[in-house]
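Below are my notes, point by point, to read alongside the model.

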Amino acid sequence: MKLAIATDSSGLDAPISARFGRAAGFVIISDHDASPEYIPNTQSLNAVQGAGIQAAQCIIDQQVDVVILRHCGPKAFMLLNAAGISVLSTQADTVQKALDAHTAGTLTTLESASVDGHWV
Amino acid sequence: MIIAIASGKGGTGKTTLSTALASVATTPVLLLDCDVEAPNCNIYIKANLAPAQPVTVPTVTIEPLHCNVCRACLDACQFNALAAAGGKIIPLPELCHGCGACQLVCQSGAIAEVPHRIGQCQTGSSGHITLIEGRLDVGSPLSPPVIRATRAAGNAMPDALQIIDAPPGTSCPMVAATHGADYLILVAEPTPFGLHDLKLAIEVARSLKLAFGVVINRAPDTATPLDEACKADSIPILARLPESRRIAAAGAHGELLLKAAPHLGDTIKQILTTILAGDKGAVA
Amino acid sequence: MSRQITVLSGKGGTGKTSVTAAIASLVPNAILADCDVDGSDLPLVLAHHNPVTTPFIAGQAATLDPSQCTRCGACQTHCRYQAITLDEARQPRIDPTLCEGCGVCHLVCPTHAIVLEPCDCGEWVIADTNTSKLAYARLRPGAENSGRLASVVRQAATTAAEERSEDTLILIDGPPGIGCPVIASITGSDAILIVAEPSQSGWHDAKRVIQLASHFGIDIYLCINRWDLSPEMALHIRNELPDVGATYVGRICYDPMVTQAHTAGQTIVEYGCPAAKDITQIWETLWNHVK
């Protein structure tokens, strides 16, 4: 299982980003891989609009199975859903704590967007 | 001739002045309500409006049988209005600017454009005034396409005198409403916010290379910092309209300015005469 | 729990900024965001210092390298925004105020004489006030106002609130109209306060904002500014509010001293204008509903 986690920096003690579309990047963890990869989310910075969509596209193109985040807007959620990616929400403050919660099965699966769209 | 009326700050009296100018014109006049997010001219003009024409922008649909998900369209789109998920291309119409880039790059003929409604345009007349009102649908985010459609409807009658009631502000909606005008009137109020926002509007007027002048509304009898700022920058003050509770109350009830204050008739006519004579305008 | 309230009007000039600034004086630790980035007036009456300024680069604009241009005119034919004209020598001229940054001209140009470059659209600022923080922006006149800069200002205020351990009110001075900057300023809000003018045009425009906010499912409160300029219209509006799903929270008298307060760089409450009493009552009523 391949996981992506929306963060504000790289590494296992990185904080979870409050905003999916404007997350600094994504920590990617594969089952078989001991060391996490970090993909920056900088392509969103110059976009006039649609940062959440770009972030979702980035995750989809990484072919992850599960994304862990704090909040997800409606367009990003629709795209992740269309790609068959499970969207899990966490209140944990770091990547490691979110991973531990995932292993323990205590994360909430989102059935719909958790915040309004930004239209920008 | 096309005269546009704008301001930096909202609520300075653009609609009051636009409708007043239209009312004193001695030739048939087109009044374009380009404040499409909040169109108010017809509250004063009271024209019977013909059925509305929808204003649409082109957005895309993908024909899955032709699409091979090559993603050229995604790469070409600058607005993130296309995504690839679940083995297909997904359009996001609210983000689409209708530019046509995706269709240009698609090698499979899989992209078709469909009109997506964002607002409407309505025409009506009252006496010698023909009103063209643009109105953005509530929930649609982008006003410039509705403004452009309203301007295009006006340009279909090129020989008429056109008066354009522009939206407040100094960004793309105001630019879409005032672009290409022969003269721009900036309506300002002599308050700190009014002066601050007028300076921004002047910057836009200069960058658009429009001849312009200022009408000061709700002006006291004495000179204000706004009067001084205009004089210091050689900006013509076309008129100073007085502060009046009675005029404000009449306007609140949808009364045209010159019905409530007929003594201002000569002042309003003089603004129009000056502009039509073409002898007053700040250097752009 | 923190709360976010956006102040809107529909029609411009009803007094959003004046009311927002006055409420800021009543709630000293509130974080302020001026999301009316196209003519930002809140900083004129809220004293602030230590500004941290960030350039706002958003979108792109087409630029032409004439040395590569073969004057085929394809760019002008394909541009849907009338941003490209050809001069007498068929040399393209790109008008940056009309350019949408879509890149179609770049795609059709056979020699890549046209490229897209990032747009410097202005800047945003987070600063300290005497008691809290203020976020605002300066959009370059004529620049595209996609709402993104309003969103950036709102997010700067939200981030500042998250850095605090105690609950914080985020108070947003919103833009006029109903377009994308307004939508950007109400995202994430718990309530909107409409400052309405007692006029036919004011009520027409306020109803459009009410419709927009209802679409987003946000609680709507309304006060009437300068109510005594037309008591009949003020009453009419008050009577219609239940039908449109908005709650009345009070009215403010017409007060010529407001201009003096702003000229002195002070809020209505700081200066002690007659309107201050009305605004204080409105705030107490509103906060009772929202908290």
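1. A word on terms to begin: a residue is called buried under 20% relative accessible area, exposed over 50%, and partly exposed in between (1.4 Å probe, protein chains only). This is a predicted model, in which local features need pLDDT of at least 70, side-chain atom pairs count only at pLDDT 80 or more, and totals for chains, interfaces and linings use all residues. Residues are numbered from 1 along each chain as its sequence is written, chains are lettered from A and ligands numbered from 1 in the order in which they are written, and side-chain values use heavy atoms, leaving out hydrogens and water.

2. Please look at Lys46(B), which has a positive phi of about 60° without being a glycine. Lys46(B) sits in the loop between α2 (41-45) and β3 (48-49) of chain B; helices (H or I, at least four residues) and strands (E, at least two) are DSSP runs, numbered from the N terminus. With 52% relative accessibility, Lys46(B) is exposed.

3. Gln82(C) is another non-glycine with a positive phi, here about 55°. Its place is the loop between α3 (74-78) and β4 (84-86) of chain C, and Gln82(C) is exposed at 55% relative accessible area. For context, most residues other than glycine have a negative phi.

4. Over all chains there are two aromatic pairs (rings of Phe, Tyr and Trp, the last by its six-membered ring, with centres within 6.5 Å; planes under 30 degrees apart are stacked, over 60 edge-to-face, the rest tilted). Phe20(A) and Phe26(A) form a tilted pair, because their planes stand at 55°, with the ring centres 5.6 Å apart. Phe20(A) is buried at 4%, and Phe26(A) is buried at 0%.

5. Trp283(C) and Trp287(C) are stacked, at 5.5 Å centre to centre and 20° between the planes. Both belong to helix α11 (residues 275-290) of chain C, four residues apart, or about one turn of the helix.

6. Finally, the interface of chain C and chain B. The contact (heavy atoms within 4.5 Å) takes 58 residues from chain C and 57 residues from chain B. Two salt bridges cross this interface (a side-chain nitrogen of Lys or Arg within 4 Å of a carboxyl oxygen of Asp or Glu). Asp228(C) and Arg245(B) are joined by a salt bridge at 3.8 Å, N to O.
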